[in-house]
Amino acid sequence: MIKLKHLLMETERISFVNKRRAQAELTQKIEGKRADKMGAYTGKIFGLEQEDQNAPRTELTRIEDLAKYSAFALGNADTPEIGDDGSVIQPRSALMFKMPRKRLGLFAAPANREYIEYDIEYKDDKQDDEGKPETCYVTVDAEYAIAAKKILDYMASGVYELLSGDDNDVGGPAVDTFKPDDLFLQASNILKSYSGKIKGIGTYIEYLSGFNNKGEEYLQNAIREVIKKIGQMSFGEFGPNQTEEKLMIDLENLLRQNK
């Protein structure tokens, strides 16, 4: 019997490139457009342990992912990832959910369209007291499903209803049980613990959420910017108060722990 991975390689061959080329291609992928300005970037960049068409491969989505692999390859939009056992890794599906139209801001504000792509539909005739659709149906592109699920669980827990996919499809269980190395979650929890004690906590969390799917380096820089803004809140001669200083120290310690 021909193994699936060997059969697949006959029709889905990849082109190996050096790390420098892979980084250039990945930069275009992240920006969503080709460097030659000939439209959107639709290809894929993969990381492998060796230059072997039959080897397991993982699609790269962040610049820091390059450091994890010794070989790199380019594929087209339909080229799948291959697992360690040689099987095709199915791509994640789009995330679909519904929630009251009046509460959509809980998701839409932190899920800025500059960072997360989604569509909104109104499928039923039921209207609220303003004479507008009561329920909105949202579809988030598969690429942003994990980030969107984190925002929903953190900002709109108990408000939205998931319509497609399950927790495994979109990156795991609810936010409060994510792995402890989730930098966005840790930073959000630290900020949330100061809610009511320091002004602007919600704004800081919303700001960080915009960098959550752009890579750890971007998120670390965003946390540094938050620390800077907290330090600038007090304009008196005494500078930040004790509570503000403690929050700044907590965030700085978080960055040191995630180096």
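This note goes through a predicted model in numbered points, from the overall make-up to single residues.

1. Basis. The model is predicted, so local features need pLDDT of at least 70 and side-chain atom pairs count only at pLDDT 80 or more, while totals for chains, interfaces and linings use all residues. Residues are numbered from 1 along each chain as its sequence is written, and side-chain values use heavy atoms, with hydrogens and water left out.

2. Overall make-up. The protein has eight helices and ten strands (DSSP runs numbered from the N terminus: H or I of at least four residues for helices, E of at least two for strands). Of its 259 residues, 38% count as buried (under 20% relative accessible area; exposed is over 50% and partly exposed lies in between, with a 1.4 Å probe and protein chains only).

3. Surface. The accessible surface comes to about 15200 Å², and carbon and sulfur atoms hold 47% of that (Shrake-Rupley method, 1.4 Å probe; for residues, only the protein chains shown count as cover).

4. Strand β7. This strand (residues 95-100) pairs with β9 (residues 135-140) in the antiparallel sense over six bridges (pairing requires at least two DSSP bridges between two strands). Here P100 stands opposite T135. Strand β7 is also antiparallel to β10 (residues 161-164), joined by three bridges, and K98 stands opposite E161.

5. Salt bridges. The count is 13 (a side-chain nitrogen of Lys or Arg within 4 Å of a carboxyl oxygen of Asp or Glu). R62 and E64 form one of them, with the closest N and O atoms 3.7 Å apart. R62 is partly exposed at 26% relative accessibility, as is E64 at 24%. A network of salt bridges links R62, E64, D65 and K68.

6. A pair across the chain. E130 and K102 meet in a salt bridge at 4.0 Å, N to O. This pair links distant parts of the chain, 28 residues apart: E130 is in the loop between β8 (118-121) and β9, and K102 in the loop between β7 and α3 (105-108).

7. A pair within a helix. K149 and D153 form a salt bridge with closest N and O atoms 2.7 Å apart. The two lie in helix α4 (residues 145-155), four residues apart, about one turn of the helix. K149 is buried at 3% relative accessible area, and D153 is buried at 13%.

8. Residue Q220. Q220 is found in helix α7 (residues 216-231) and counts as buried because its relative accessibility is 13%. Neighbours within four places in sequence aside, Q220 is in contact with L183, L255 and N258 (heavy atoms within 4.5 Å).
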